Amino acid sequence: MRFFHPKFFLLFLLLVGNIGFSQTEEIDSLQNLLKTADDTTQVNLLRLLGIKSRFIDKEKAVAYGLQSLEKSKEIGFSVGEAKALYSLGLTHGMTDSYASSLEYLNKCLSVARKNNDYSLVCDIYNSMGIVYKRIGDYPSSQDSYLKSLKVIDSFDLQINAASVYINLGVLHDLMDERDEAIASYQKALEIYDGPNPETVKNDVETNLAVMDFKDGNYQAALDKFLRIVPYWEHQGNNVKLFDLYSNIGHCYLQLGQWDNSEKYLFKALDLADQLSLKQGEAVVYHNLASLMFNQSKLGKAIRYSIQNLKVLEGMEGTYERKKEAHEKAYEIYQASGQLEKSIFHLNRTMDYKDSLMDETKVKEIENLQVRHEVYVKDREIEANTLELALLNTRVEQNRKRTLYLIIISALLLFSASLLYFRYNAKKKSNAILSEKNKLISEQRDTIGQMNKQLEKRMLRAQMNPHFIFNSLGSIQHLISTNDKKGALNYLSKFSKLLRQVLESSVNVSLVLSEEIELLKIYVELEALRFDHSFSYHFEIDENLDIDAHEIPMLLVQPYIENAIIHGLMPKKGDKQLTISFKNIGDHIECVIEDNGIGLSKTGERKSNRISRGMSITERRIQALKQHSERQLVKIEDLTNEDHSGTRVTILIPKE
């Protein structure tokens, strides 16, 4: 009689995991997240949905994987494309579609190499080894594992090596190469340098225990299983613990330790019920029936045998286990003297034996078909390789052309460099000339400034004699009218004015306060000259700091003179003159206003208003225009029906 082998059930648990209602709820949650996720997140969620759906609905799992693949291509996400192809390869492999699995893994291999993702390349070869092992092509499986190890050595990916050596050990065990299997397991333990060394150690220990169990060394297997249990109890991994409890109970059963066997089998049964592991329940019930039968507790043996058959009844493709279950029931009923039931189960055993033979033949044919499909795919890959070699030849030819182009380009670059150096030399020469021109330009500007200063001095020199001659004429007038007192008073003030003018002769400009003082003396002289026939008034803006600004010397004096001589003197009656200085932004505003005859009285008088002093002053004001864009002089005729007079507004830049 043959019991269900622990190794094959362990493989099933590793593939399936804990599948129940919680996983369905998790799929629903992922689908809800998918509705609002961005493109990259959608790629990852679709791939994860494919992984979660593998053992619930293969078609949905494949559909999700393909959607993840198409979305990755659509947004140009090459990493997502590689992961989607890898996931599709695993999905087909875990659902026995081995040819499709290898096809997707080969496609993934190409993308991973383009991305230089050699960690994924290592995983792909590892997965190919598992697929080839499943279809019984052990040489190809071993070759894939060795390729994975070669990538690991080439790119120092030692963290991935342990799993490859463990899989290689399983392959050696399947090929009955015990020493090689143990060596691979030991190698996995030696080289692992990741975050979970205890997990790897316990996985290796589990595989070694399975080897001992297979060889009939039940005590050695039991010792290993018992050493592993505390670790997974601490981790809280019930799937691992179920497998361990079941195997420990089976070992105690083989060693004849009935109480310990029953204890661990019941612990395994509780976990199988919690995890909804129907196949696990069937294995435990089978071992419990064997345990009670060996103790001659036939009533309990019959009850557990019935439970075993009941669990297996709804399962498909379990002919081997159903045959073993009916065979055990036949033995129990025969020992209990229930011959009719014994014969029934014997017949069912023979039926399943025949079905099993048919199933074995079908599987052999399917394996041959899969191998043929794999062979065809391999030939396609070889054809693609040849095509790639042809492309490489063309690439080599293009490389030579590129080399020639590089040589030609180098020559052109050398020529361009010579031209560049010549250009730089010429540029430096031009820069020197430019510096000299700049120096000449600066000197020209300096000379221009000096010329302007000289021109200002010249204009002032022309204006001063004009004023002096006018003053002397006034003194002569007083003397001729025999006004000695007036003449002496006038001469005294004139000498004071002349002294201030001479003291300031070295300066082109005067502080505004000094200029106002000169103007006051001048107006007072003119008032004396004309026997105080007009009144005058100076207005100074409180906001104007008259000691902080300079203005050209006697700039406004000709306008004041013009207002007195040509505006006020021809008029009869009240004569008034107002001179004001105001602060207007960047300018000083000087307003000279009289209530004389105005500009439009007669054409003759209007032409007389433009004196030589004013023409000189206009030229001086023109020299100030470089400091301002505004109109600096404005002359207004204030004459109307009730009033006459003239207003002159002069804007003097503060700079």
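**Ground rules.** I number residues from 1 along each chain as its sequence is written, and I leave hydrogens and water out, using heavy atoms for side-chain values. As the model is predicted, I ask for pLDDT of at least 70 for local features and count side-chain atom pairs only at pLDDT 80 or more, while totals for chains, interfaces and linings use all residues.

**Overview.** I found 23 helices and seven strands in the protein, taken as DSSP runs numbered from the N terminus (helices H or I, at least four residues; strands E, at least two). I noted that 41% of the 655 residues are buried, where buried means under 20% relative accessible area, exposed over 50% and partly exposed in between, with a 1.4 Å probe and protein chains only. Taking a contact as heavy atoms within 4.5 Å, I looked at the contacts between residues at least 6 apart in sequence, and 64% of them join residues at least 24 apart.

**Helix 21.** I checked the length of helix 21 (residues 557–568): at 1.5 Å a residue its twelve residues should span 16 Å, and the end C-alpha atoms are 15 Å apart, which agrees; the expected span is 1.5 Å times one less than the number of residues. Ten of the twelve residues are buried, among them Tyr559, Ile560 and Leu568.

**Gln42.** I located Gln42 in helix 3 (residues 39–52), and its 19% relative accessibility counts as buried. Leaving aside residues up to four places away in sequence, I see Gln42 touching Leu34, Ala37 and Lys71.

**Aromatic pairs.** I paired rings of Phe, Tyr and Trp (its six-membered ring) with centres within 6.5 Å, calling planes under 30 degrees apart stacked, over 60 edge-to-face and the rest tilted, and the count came to ten aromatic pairs. Phe266 lies in helix 14 (residues 258–275) and Tyr304 in helix 16 (residues 298–313), so the pair ties together parts 38 residues apart in sequence. Phe266, at 30% relative accessibility, is partly exposed, whereas Tyr304, at 8%, is buried.

**Charges over rings.** I applied a rule that NZ of Lys or CZ of Arg be within 6 Å of the ring centre and within 35 degrees of the ring normal. Arg303 lies over the face of Tyr304 at 5.4 Å from the ring centre, and Lys520 over that of Phe538 at 5.8 Å.
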